[in-house]
Amino acid sequence: MRTKSLKKNKINVITLGCSKNVYDSEVLMGQLRASGKDVEHEAPAEREGNIIVINTCGFIDNAKAESVNMILEYADKKDKGLVDKVFVTGCLSERYRPDLEKEIPNVDQYFGTTELPQLLKALGADYKHELLGERLTTTPKNYAYLKIAEGCDRPCSFCAIPLMRGKHVSQTIEKLVKEAEGLAKNGVKELILIAQDLTYYGLDIYKKRNLGELLEALVKVEGIEWIRLHYAFPSGFPMDVLEIMKREPKICNYIDIPLQHISDSILKSMRRGTTQAKTTQLLKEFRAAVPGMAIRTTLIVGYPGETQEDFEILKDFVQEMKFDRMGCFAYSHEENTHAYLLEDDVPDDVKQARANEIMELQSQISWDLNQEKVGQVFKCIIDRKEGAHFVGRTEFDSPDVDNEVLIDASKHYVKTGDFVNIKIIEATEFDLYGEPA
(Lines give C-alpha, C1' and ligand atoms only; values in the text may rest on other atoms or scores of the structure.)
Protein backbone atom coordinates (compact mmCIF):
# COMPACT_ATOMS: atom_id res chain seq x y z
CA MET A 1 0.00 0.00 0.00
CA ARG A 2 1.45 3.37 -0.95
CA THR A 3 2.08 6.15 1.52
CA LYS A 4 0.00 9.32 1.61
CA SER A 5 0.16 11.07 -1.74
CA LEU A 6 2.58 13.99 -1.83
CA LYS A 7 1.07 15.45 -4.97
CA LYS A 8 -1.29 18.40 -4.79
CA ASN A 9 -4.80 17.25 -4.01
CA LYS A 10 -6.99 16.88 -7.07
CA ILE A 11 -10.73 16.25 -6.81
CA ASN A 12 -12.58 14.11 -9.35
CA VAL A 13 -16.38 14.44 -9.29
CA ILE A 14 -18.42 11.54 -10.72
CA THR A 15 -22.11 12.10 -11.46
CA LEU A 16 -24.74 9.36 -11.70
CA GLY A 17 -28.47 9.78 -12.36
CA CYS A 18 -30.49 12.63 -13.75
CA SER A 19 -29.93 16.18 -14.97
CA LYS A 20 -30.72 17.50 -11.47
CA ASN A 21 -27.64 15.64 -10.21
CA VAL A 22 -25.58 17.10 -13.07
CA TYR A 23 -26.66 20.56 -11.90
CA ASP A 24 -25.74 19.78 -8.26
CA SER A 25 -22.28 18.53 -9.31
CA GLU A 26 -21.74 21.71 -11.33
CA VAL A 27 -22.61 23.88 -8.31
CA LEU A 28 -20.24 21.80 -6.13
CA MET A 29 -17.41 22.19 -8.66
CA GLY A 30 -18.02 25.93 -9.01
CA GLN A 31 -17.65 26.28 -5.23
CA LEU A 32 -14.50 24.13 -5.17
CA ARG A 33 -12.88 26.07 -8.02
CA ALA A 34 -13.70 29.36 -6.22
CA SER A 35 -11.83 28.02 -3.17
CA GLY A 36 -8.79 27.38 -5.37
CA LYS A 37 -9.27 23.62 -5.56
CA ASP A 38 -8.12 21.55 -8.53
CA VAL A 39 -11.33 19.84 -9.65
CA GLU A 40 -12.42 17.92 -12.74
CA HIS A 41 -15.61 16.15 -13.79
CA GLU A 42 -15.22 12.44 -14.53
CA ALA A 43 -11.53 12.78 -15.35
CA PRO A 44 -9.94 10.01 -17.44
CA ALA A 45 -7.80 7.46 -15.56
CA GLU A 46 -4.49 9.21 -16.24
CA ARG A 47 -5.80 12.43 -14.63
CA GLU A 48 -8.12 10.88 -12.11
CA GLY A 49 -7.04 12.71 -8.97
CA ASN A 50 -6.60 11.40 -5.45
CA ILE A 51 -9.89 12.61 -3.94
CA ILE A 52 -13.14 11.20 -5.34
CA VAL A 53 -16.66 12.59 -4.89
CA ILE A 54 -19.47 10.33 -6.14
CA ASN A 55 -22.85 12.04 -6.65
CA THR A 56 -25.29 9.13 -6.49
CA CYS A 57 -28.80 8.32 -7.70
CA GLY A 58 -31.26 6.38 -5.53
CA PHE A 59 -34.36 6.49 -7.70
CA ILE A 60 -34.99 2.92 -8.93
CA ASP A 61 -33.24 -0.45 -8.59
CA ASN A 62 -30.98 -0.16 -11.65
CA ALA A 63 -29.82 3.32 -10.68
CA LYS A 64 -29.21 2.24 -7.09
CA ALA A 65 -27.15 -0.75 -8.28
CA GLU A 66 -25.03 1.49 -10.53
CA SER A 67 -24.38 3.88 -7.63
CA VAL A 68 -23.47 1.07 -5.19
CA ASN A 69 -21.11 -0.49 -7.76
CA MET A 70 -19.38 2.84 -8.29
CA ILE A 71 -18.93 3.32 -4.51
CA LEU A 72 -17.53 -0.23 -4.18
CA GLU A 73 -15.14 0.36 -7.09
CA TYR A 74 -13.64 3.44 -5.45
CA ALA A 75 -13.65 1.96 -1.94
CA ASP A 76 -11.56 -0.85 -3.44
CA LYS A 77 -9.22 1.66 -5.13
CA LYS A 78 -8.82 3.36 -1.76
CA ASP A 79 -7.95 -0.01 -0.16
CA LYS A 80 -5.28 -0.51 -2.81
CA GLY A 81 -3.88 2.99 -2.25
CA LEU A 82 -4.83 4.20 -5.73
CA VAL A 83 -6.90 7.07 -4.31
CA ASP A 84 -6.64 8.78 -0.92
CA LYS A 85 -10.20 9.76 -0.08
CA VAL A 86 -13.71 8.85 -1.21
CA PHE A 87 -16.78 10.98 -0.41
CA VAL A 88 -20.35 10.06 -1.38
CA THR A 89 -23.25 12.49 -1.80
CA GLY A 90 -26.63 12.65 -3.58
CA CYS A 91 -29.88 10.72 -3.43
CA LEU A 92 -28.66 7.21 -2.56
CA SER A 93 -26.61 8.65 0.29
CA GLU A 94 -29.60 10.70 1.51
CA ARG A 95 -31.88 7.69 1.46
CA TYR A 96 -29.66 4.86 2.72
CA ARG A 97 -26.84 6.53 4.65
CA PRO A 98 -26.97 4.26 7.76
CA ASP A 99 -26.95 1.12 5.58
CA LEU A 100 -24.13 2.43 3.39
CA GLU A 101 -22.01 3.45 6.39
CA LYS A 102 -22.41 -0.07 7.77
CA GLU A 103 -21.90 -1.98 4.50
CA ILE A 104 -19.17 0.18 2.90
CA PRO A 105 -17.33 1.72 5.88
CA ASN A 106 -14.21 2.50 3.85
CA VAL A 107 -15.83 5.64 2.41
CA ASP A 108 -14.52 8.68 4.28
CA GLN A 109 -17.91 10.35 4.65
CA TYR A 110 -21.48 10.21 3.32
CA PHE A 111 -23.54 13.37 2.70
CA GLY A 112 -27.21 13.96 1.91
CA THR A 113 -28.74 16.10 -0.85
CA THR A 114 -28.86 19.29 1.25
CA GLU A 115 -25.40 19.12 2.84
CA LEU A 116 -23.29 21.01 0.31
CA PRO A 117 -21.65 23.29 2.94
CA GLN A 118 -20.65 20.24 5.02
CA LEU A 119 -19.28 18.41 1.96
CA LEU A 120 -17.26 21.48 0.96
CA LYS A 121 -15.83 21.69 4.49
CA ALA A 122 -14.76 18.04 4.30
CA LEU A 123 -13.02 18.88 1.01
CA GLY A 124 -11.23 21.83 2.63
CA ALA A 125 -13.36 24.50 0.95
CA ASP A 126 -15.76 27.16 2.24
CA TYR A 127 -19.33 27.60 1.02
CA LYS A 128 -19.41 31.00 -0.71
CA HIS A 129 -22.87 32.59 -0.67
CA GLU A 130 -21.79 35.26 -3.14
CA LEU A 131 -21.35 32.55 -5.80
CA LEU A 132 -25.11 32.49 -6.27
CA GLY A 133 -25.83 30.59 -9.48
CA GLU A 134 -22.18 30.27 -10.55
CA ARG A 135 -21.20 26.78 -11.56
CA LEU A 136 -18.63 24.83 -13.49
CA THR A 137 -20.80 23.47 -16.30
CA THR A 138 -20.13 19.93 -17.54
CA THR A 139 -22.44 20.01 -20.56
CA PRO A 140 -21.34 21.17 -24.04
CA LYS A 141 -20.82 24.95 -23.91
CA ASN A 142 -24.01 25.75 -25.85
CA TYR A 143 -26.57 24.41 -23.33
CA ALA A 144 -26.99 24.19 -19.58
CA TYR A 145 -29.57 23.00 -17.08
CA LEU A 146 -31.32 25.59 -14.90
CA LYS A 147 -32.83 24.06 -11.77
CA ILE A 148 -35.79 26.28 -10.88
CA ALA A 149 -36.98 24.30 -7.84
CA GLU A 150 -35.93 21.45 -5.59
CA GLY A 151 -38.05 18.71 -4.02
CA CYS A 152 -41.68 17.76 -4.60
CA ASP A 153 -45.02 18.04 -2.78
CA ARG A 154 -46.89 15.53 -4.97
CA PRO A 155 -48.10 12.32 -3.27
CA CYS A 156 -47.36 9.86 -6.15
CA SER A 157 -47.44 6.38 -4.67
CA PHE A 158 -44.46 4.92 -6.58
CA CYS A 159 -41.99 7.78 -6.15
CA ALA A 160 -39.21 8.07 -3.60
CA ILE A 161 -38.07 11.56 -4.66
CA PRO A 162 -39.75 13.42 -1.74
CA LEU A 163 -37.84 11.06 0.62
CA MET A 164 -34.55 12.08 -0.99
CA ARG A 165 -35.14 15.66 -2.08
CA GLY A 166 -37.68 16.94 0.45
CA LYS A 167 -40.56 19.36 -0.04
CA HIS A 168 -40.93 21.63 -3.06
CA VAL A 169 -38.78 24.79 -2.77
CA SER A 170 -38.80 27.31 -5.66
CA GLN A 171 -35.88 29.59 -6.48
CA THR A 172 -36.78 33.27 -6.90
CA ILE A 173 -37.17 34.74 -10.39
CA GLU A 174 -34.39 37.27 -9.61
CA LYS A 175 -31.91 34.53 -8.69
CA LEU A 176 -32.75 32.45 -11.77
CA VAL A 177 -32.44 35.45 -14.12
CA LYS A 178 -29.04 36.27 -12.59
CA GLU A 179 -27.94 32.67 -13.06
CA ALA A 180 -29.19 32.64 -16.66
CA GLU A 181 -27.30 35.89 -17.37
CA GLY A 182 -24.10 34.34 -16.02
CA LEU A 183 -24.56 31.25 -18.19
CA ALA A 184 -25.27 33.39 -21.27
CA LYS A 185 -22.04 35.38 -20.68
CA ASN A 186 -20.19 32.04 -20.78
CA GLY A 187 -21.64 31.19 -24.18
CA VAL A 188 -24.72 29.17 -23.19
CA LYS A 189 -27.49 29.57 -25.80
CA GLU A 190 -30.03 27.02 -24.58
CA LEU A 191 -31.49 26.76 -21.07
CA ILE A 192 -33.15 23.50 -20.06
CA LEU A 193 -35.47 24.23 -17.14
CA ILE A 194 -35.60 21.35 -14.70
CA ALA A 195 -37.39 20.59 -11.43
CA GLN A 196 -39.17 17.60 -9.96
CA ASP A 197 -42.33 19.48 -10.97
CA LEU A 198 -42.12 22.64 -13.10
CA THR A 199 -45.86 23.26 -12.91
CA TYR A 200 -45.70 23.79 -9.13
CA TYR A 201 -43.12 26.55 -9.56
CA GLY A 202 -43.79 29.64 -7.44
CA LEU A 203 -46.64 28.28 -5.32
CA ASP A 204 -44.47 28.30 -2.19
CA ILE A 205 -42.93 31.77 -2.57
CA TYR A 206 -45.41 33.67 -4.77
CA LYS A 207 -48.58 31.86 -3.61
CA LYS A 208 -49.49 31.11 -7.24
CA ARG A 209 -48.22 28.98 -10.12
CA ASN A 210 -45.67 31.34 -11.60
CA LEU A 211 -43.87 29.47 -14.39
CA GLY A 212 -45.30 31.92 -16.95
CA GLU A 213 -43.83 34.94 -15.20
CA LEU A 214 -40.45 33.21 -14.91
CA LEU A 215 -40.46 32.47 -18.65
CA GLU A 216 -41.36 36.12 -19.43
CA ALA A 217 -38.28 37.16 -17.43
CA LEU A 218 -35.91 34.57 -18.91
CA VAL A 219 -36.74 35.37 -22.56
CA LYS A 220 -35.29 38.85 -21.94
CA VAL A 221 -31.84 37.44 -21.13
CA GLU A 222 -29.51 38.43 -23.95
CA GLY A 223 -27.68 35.54 -25.62
CA ILE A 224 -30.23 32.88 -24.65
CA GLU A 225 -31.98 31.67 -27.81
CA TRP A 226 -33.79 28.52 -26.66
CA ILE A 227 -35.61 27.75 -23.40
CA ARG A 228 -36.83 24.19 -22.93
CA LEU A 229 -39.29 22.82 -20.34
CA HIS A 230 -38.66 19.53 -18.57
CA TYR A 231 -40.83 17.61 -16.12
CA ALA A 232 -44.24 19.22 -16.08
CA PHE A 233 -47.05 17.54 -14.14
CA PRO A 234 -50.40 16.78 -15.81
CA SER A 235 -52.68 18.09 -13.05
CA GLY A 236 -52.77 21.81 -12.30
CA PHE A 237 -50.81 22.73 -15.44
CA PRO A 238 -50.57 26.56 -15.73
CA MET A 239 -52.22 27.09 -19.13
CA ASP A 240 -50.80 30.62 -19.58
CA VAL A 241 -47.48 28.89 -20.32
CA LEU A 242 -48.90 27.65 -23.64
CA GLU A 243 -49.82 31.16 -24.75
CA ILE A 244 -46.29 32.39 -23.89
CA MET A 245 -44.76 29.39 -25.69
CA LYS A 246 -46.70 30.23 -28.83
CA ARG A 247 -45.86 33.95 -28.64
CA GLU A 248 -42.18 33.80 -27.64
CA PRO A 249 -39.85 32.32 -30.29
CA LYS A 250 -37.18 31.63 -27.66
CA ILE A 251 -39.35 29.07 -25.87
CA CYS A 252 -39.01 25.74 -27.63
CA ASN A 253 -42.29 24.17 -28.79
CA TYR A 254 -41.48 21.21 -26.58
CA ILE A 255 -42.64 19.87 -23.25
CA ASP A 256 -41.66 16.88 -21.16
CA ILE A 257 -44.74 15.77 -19.23
CA PRO A 258 -44.35 12.36 -17.51
CA LEU A 259 -47.82 10.74 -17.51
CA GLN A 260 -46.77 7.35 -16.04
CA HIS A 261 -50.03 5.57 -16.99
CA ILE A 262 -53.51 6.20 -18.35
CA SER A 263 -55.81 3.48 -16.98
CA ASP A 264 -58.07 5.20 -14.43
CA SER A 265 -57.70 2.44 -11.83
CA ILE A 266 -53.89 2.59 -12.05
CA LEU A 267 -53.84 6.42 -12.01
CA LYS A 268 -55.98 6.36 -8.87
CA SER A 269 -53.70 3.85 -7.13
CA MET A 270 -50.67 5.89 -8.24
CA ARG A 271 -52.31 8.96 -6.62
CA ARG A 272 -51.75 11.06 -9.73
CA GLY A 273 -54.77 13.32 -9.20
CA THR A 274 -56.02 12.98 -12.77
CA THR A 275 -57.97 10.67 -15.11
CA GLN A 276 -57.69 9.38 -18.65
CA ALA A 277 -60.37 11.85 -19.82
CA LYS A 278 -58.66 14.85 -18.19
CA THR A 279 -55.22 13.86 -19.48
CA THR A 280 -56.48 13.34 -23.04
CA GLN A 281 -58.22 16.71 -22.93
CA LEU A 282 -55.04 18.42 -21.64
CA LEU A 283 -52.92 16.98 -24.46
CA LYS A 284 -55.52 18.08 -27.04
CA GLU A 285 -55.39 21.60 -25.54
CA PHE A 286 -51.57 21.56 -25.77
CA ARG A 287 -51.69 20.70 -29.45
CA ALA A 288 -54.48 23.19 -30.20
CA ALA A 289 -52.68 26.03 -28.40
CA VAL A 290 -49.22 25.33 -29.89
CA PRO A 291 -49.60 23.51 -33.23
CA GLY A 292 -46.59 21.32 -33.97
CA MET A 293 -45.28 21.22 -30.40
CA ALA A 294 -43.31 18.10 -29.47
CA ILE A 295 -44.66 16.26 -26.44
CA ARG A 296 -42.33 13.92 -24.57
CA THR A 297 -43.62 11.55 -21.88
CA THR A 298 -42.54 8.63 -19.72
CA LEU A 299 -44.65 5.65 -18.74
CA ILE A 300 -44.44 2.95 -16.08
CA VAL A 301 -45.62 -0.61 -16.78
CA GLY A 302 -46.00 -3.46 -14.30
CA TYR A 303 -47.28 -1.29 -11.45
CA PRO A 304 -48.96 -3.38 -8.69
CA GLY A 305 -52.37 -4.62 -9.84
CA GLU A 306 -51.79 -3.72 -13.52
CA THR A 307 -53.95 -6.18 -15.46
CA GLN A 308 -53.69 -7.11 -19.11
CA GLU A 309 -56.74 -4.90 -19.63
CA ASP A 310 -54.98 -1.91 -18.00
CA PHE A 311 -52.02 -2.53 -20.27
CA GLU A 312 -54.22 -2.69 -23.39
CA ILE A 313 -55.78 0.67 -22.39
CA LEU A 314 -52.26 2.12 -22.16
CA LYS A 315 -51.28 0.69 -25.56
CA ASP A 316 -54.40 2.10 -27.21
CA PHE A 317 -53.63 5.50 -25.68
CA VAL A 318 -50.04 5.47 -26.98
CA GLN A 319 -51.30 4.53 -30.43
CA GLU A 320 -53.93 7.28 -30.36
CA MET A 321 -51.78 10.11 -28.94
CA LYS A 322 -48.71 9.51 -31.10
CA PHE A 323 -46.22 11.11 -28.72
CA ASP A 324 -43.20 12.66 -30.39
CA ARG A 325 -40.86 11.23 -27.77
CA MET A 326 -41.27 8.60 -25.09
CA GLY A 327 -39.50 6.50 -22.49
CA CYS A 328 -41.05 3.45 -20.80
CA PHE A 329 -39.87 1.85 -17.56
CA ALA A 330 -40.67 -1.34 -15.71
CA TYR A 331 -42.07 -0.55 -12.24
CA SER A 332 -39.54 -0.66 -9.39
CA HIS A 333 -40.90 -1.53 -5.91
CA GLU A 334 -39.39 1.16 -3.67
CA GLU A 335 -39.41 0.88 0.13
CA ASN A 336 -41.04 3.67 2.14
CA THR A 337 -43.26 4.67 -0.78
CA HIS A 338 -47.03 4.34 -0.58
CA ALA A 339 -47.05 1.67 -3.34
CA TYR A 340 -44.64 -0.46 -1.28
CA LEU A 341 -47.65 -1.43 0.82
CA LEU A 342 -49.13 -3.08 -2.29
CA GLU A 343 -48.14 -6.50 -3.55
CA ASP A 344 -45.57 -6.27 -6.36
CA ASP A 345 -47.63 -8.82 -8.27
CA VAL A 346 -46.59 -8.40 -11.91
CA PRO A 347 -43.72 -10.81 -12.68
CA ASP A 348 -40.45 -9.22 -13.83
CA ASP A 349 -40.55 -10.93 -17.22
CA VAL A 350 -44.09 -9.60 -17.82
CA LYS A 351 -43.00 -6.07 -16.79
CA GLN A 352 -40.10 -6.20 -19.24
CA ALA A 353 -42.21 -7.68 -22.05
CA ARG A 354 -44.77 -4.88 -21.59
CA ALA A 355 -42.06 -2.19 -21.59
CA ASN A 356 -40.60 -3.69 -24.78
CA GLU A 357 -44.04 -3.80 -26.41
CA ILE A 358 -44.71 -0.12 -25.65
CA MET A 359 -41.29 0.91 -26.99
CA GLU A 360 -41.83 -1.19 -30.12
CA LEU A 361 -45.08 0.67 -30.69
CA GLN A 362 -43.35 4.01 -30.08
CA SER A 363 -40.55 3.07 -32.46
CA GLN A 364 -43.07 2.76 -35.32
CA ILE A 365 -44.76 6.05 -34.36
CA SER A 366 -41.36 7.77 -34.24
CA TRP A 367 -40.42 6.32 -37.65
CA ASP A 368 -43.63 7.66 -39.20
CA LEU A 369 -43.24 11.11 -37.64
CA ASN A 370 -39.59 11.31 -38.72
CA GLN A 371 -40.38 10.38 -42.34
CA GLU A 372 -42.62 13.47 -42.46
CA LYS A 373 -39.55 15.62 -41.66
CA VAL A 374 -37.60 14.50 -44.74
CA GLY A 375 -37.26 17.45 -47.15
CA GLN A 376 -37.97 20.02 -44.42
CA VAL A 377 -35.48 22.57 -43.04
CA PHE A 378 -35.01 22.94 -39.27
CA LYS A 379 -32.97 25.32 -37.13
CA CYS A 380 -30.55 23.05 -35.28
CA ILE A 381 -28.02 23.60 -32.54
CA ILE A 382 -24.75 21.72 -33.06
CA ASP A 383 -23.70 19.98 -29.82
CA ARG A 384 -20.55 18.10 -30.81
CA LYS A 385 -18.57 16.20 -33.42
CA GLU A 386 -18.63 12.44 -32.96
CA GLY A 387 -16.84 10.08 -35.31
CA ALA A 388 -17.76 10.91 -38.91
CA HIS A 389 -20.66 13.22 -38.00
CA PHE A 390 -21.47 16.55 -36.49
CA VAL A 391 -24.35 15.99 -34.07
CA GLY A 392 -27.11 18.54 -33.64
CA ARG A 393 -30.69 18.85 -32.38
CA THR A 394 -33.88 20.58 -33.45
CA GLU A 395 -35.98 22.59 -30.97
CA PHE A 396 -38.11 19.41 -30.63
CA ASP A 397 -35.24 17.44 -29.08
CA SER A 398 -33.58 17.53 -25.69
CA PRO A 399 -29.98 16.34 -25.20
CA ASP A 400 -29.29 12.69 -24.30
CA VAL A 401 -32.92 11.51 -24.44
CA ASP A 402 -34.30 12.55 -27.84
CA ASN A 403 -33.56 12.39 -31.57
CA GLU A 404 -30.32 13.73 -32.98
CA VAL A 405 -29.55 15.29 -36.35
CA LEU A 406 -26.43 13.79 -37.96
CA ILE A 407 -24.45 15.78 -40.53
CA ASP A 408 -21.74 14.02 -42.60
CA ALA A 409 -18.47 15.68 -41.52
CA SER A 410 -16.62 14.46 -44.63
CA LYS A 411 -18.94 16.57 -46.81
CA HIS A 412 -19.98 19.49 -44.63
CA TYR A 413 -18.46 21.68 -41.93
CA VAL A 414 -20.58 23.19 -39.18
CA LYS A 415 -19.31 24.83 -36.00
CA THR A 416 -20.17 23.25 -32.64
CA GLY A 417 -22.20 25.57 -30.46
CA ASP A 418 -23.74 27.34 -33.46
CA PHE A 419 -27.29 27.37 -34.76
CA VAL A 420 -27.47 26.12 -38.37
CA ASN A 421 -30.40 25.58 -40.73
CA ILE A 422 -30.35 21.92 -41.69
CA LYS A 423 -32.33 20.22 -44.45
CA ILE A 424 -33.34 16.67 -43.52
CA ILE A 425 -32.41 14.19 -46.26
CA GLU A 426 -33.06 10.88 -44.51
CA ALA A 427 -34.63 9.58 -41.29
CA THR A 428 -34.67 6.46 -39.09
CA GLU A 429 -36.79 5.84 -35.97
CA PHE A 430 -34.61 7.92 -33.68
CA ASP A 431 -32.20 9.89 -35.87
CA LEU A 432 -32.40 12.42 -38.68
CA TYR A 433 -29.70 12.89 -41.33
CA GLY A 434 -29.24 16.31 -42.84
CA GLU A 435 -27.08 18.85 -44.62
CA PRO A 436 -26.74 22.62 -44.26
CA ALA A 437 -29.59 24.28 -46.13
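User: Quick one before I look at β6. What does buried mean here?
Analyst: Buried means under 20% relative accessible area. Keep in mind that this is a predicted model.

User: Which residues sit on which side of β6?
Analyst: Tyr143, Tyr145 and Lys147 are on one side. Ala144 and Leu146 are on the other. They are all buried, so both faces are covered by the cut-off of under 20%. In general, side chains in a regular strand alternate between the two faces of the sheet.

User: In what sense do β6 and β9 pair, parallel or antiparallel?
Analyst: Parallel, over five bridges. β9 is residues 190–194.

User: And what is the bridge partner of Leu146 in β9?
Analyst: Leu193. Leu193 also turns up in the largest nonpolar core.

User: Which residues touch the most other members of that core?
Analyst: Ile148, Leu193 and Phe286. The core has 57 residues. Helix α6, residues 173–185, gives the largest share, with six residues.

User: What is Ile148 in contact with, leaving aside its neighbours within four places in sequence?
Analyst: Its contacts include Leu176, Leu193, Ile194, Ala195 and Leu198. Ser170, Gln171 and Tyr201 are also among them.

User: Which residues does the second core include?
Analyst: Phe396, Phe419, Ile422 and Ala427 are among its 19 residues. That core is separate.

User: Switching to rings. How many aromatic pairs are there?
Analyst: The count comes to nine aromatic pairs. One of them is Tyr303 with Tyr331: the ring centres are 5.4 Å apart and the planes are at 75 degrees, so the pair is edge-to-face.

User: Where do Tyr303 and Tyr331 lie?
Analyst: Tyr303 is in the loop between β12 (294–301) and α12 (308–321). Tyr331 is in the loop between β13 (325–330) and α13 (348–371). The pair therefore ties together parts that are 28 residues apart in sequence. Both tyrosines, Tyr303 and Tyr331, are buried.

User: How about Phe317 and Phe323: what are the distance and angle?
Analyst: 5.7 Å centre to centre, with 55 degrees between the planes. That pair is tilted. Phe317 and Phe323 are buried.

User: Which ring does the charged end of Arg154 sit over?
Analyst: The ring of Phe233, 3.8 Å from its centre. Arg393 has its charged end over the ring of Tyr143, 5.1 Å from the centre. Tyr143 is one of the buried β6 residues.

User: Arg154 again: where is Pro162, its contact?
Analyst: Pro162 is in helix α5, residues 161–165. Leaving aside neighbours within four places in sequence, Pro162 is in contact with Cys152 and Arg154. Pro162 is partly exposed, at 30% relative accessible area.

User: Last one. What domains is the protein divided into?
Analyst: Domain 1 (11–130), domain 2 (137–372) and domain 3 (374–436). The C-alpha centres of domain 1 and domain 3 lie 34 Å apart.

Terms used:
Residues are numbered from 1 along each chain as its sequence is written. This is a predicted model: local features need pLDDT of at least 70, side-chain atom pairs count only at pLDDT 80 or more; totals for chains, interfaces and linings use all residues. Side-chain values use heavy atoms; hydrogens and water are left out. Rings of Phe, Tyr and Trp (its six-membered ring) pair if their centres lie within 6.5 Å; planes under 30 degrees apart count as stacked, over 60 as edge-to-face and the rest as tilted. Helices (H or I, at least four residues) and strands (E, at least two) are DSSP runs, numbered from the N terminus. Buried means under 20% relative accessible area, exposed over 50%, partly exposed in between (1.4 Å probe, protein chains only). A charge sits over a ring if NZ of Lys or CZ of Arg is within 6 Å of the ring centre and within 35 degrees of the ring normal. A nonpolar core is a set of buried Ala, Val, Leu, Ile, Met, Phe, Trp, Tyr and Cys residues joined through side-chain atoms within 4.5 Å. Contact means heavy atoms within 4.5 Å. Two strands pair if DSSP finds at least two bridges between them. Domain bounds come from an automatic or database domain assignment.
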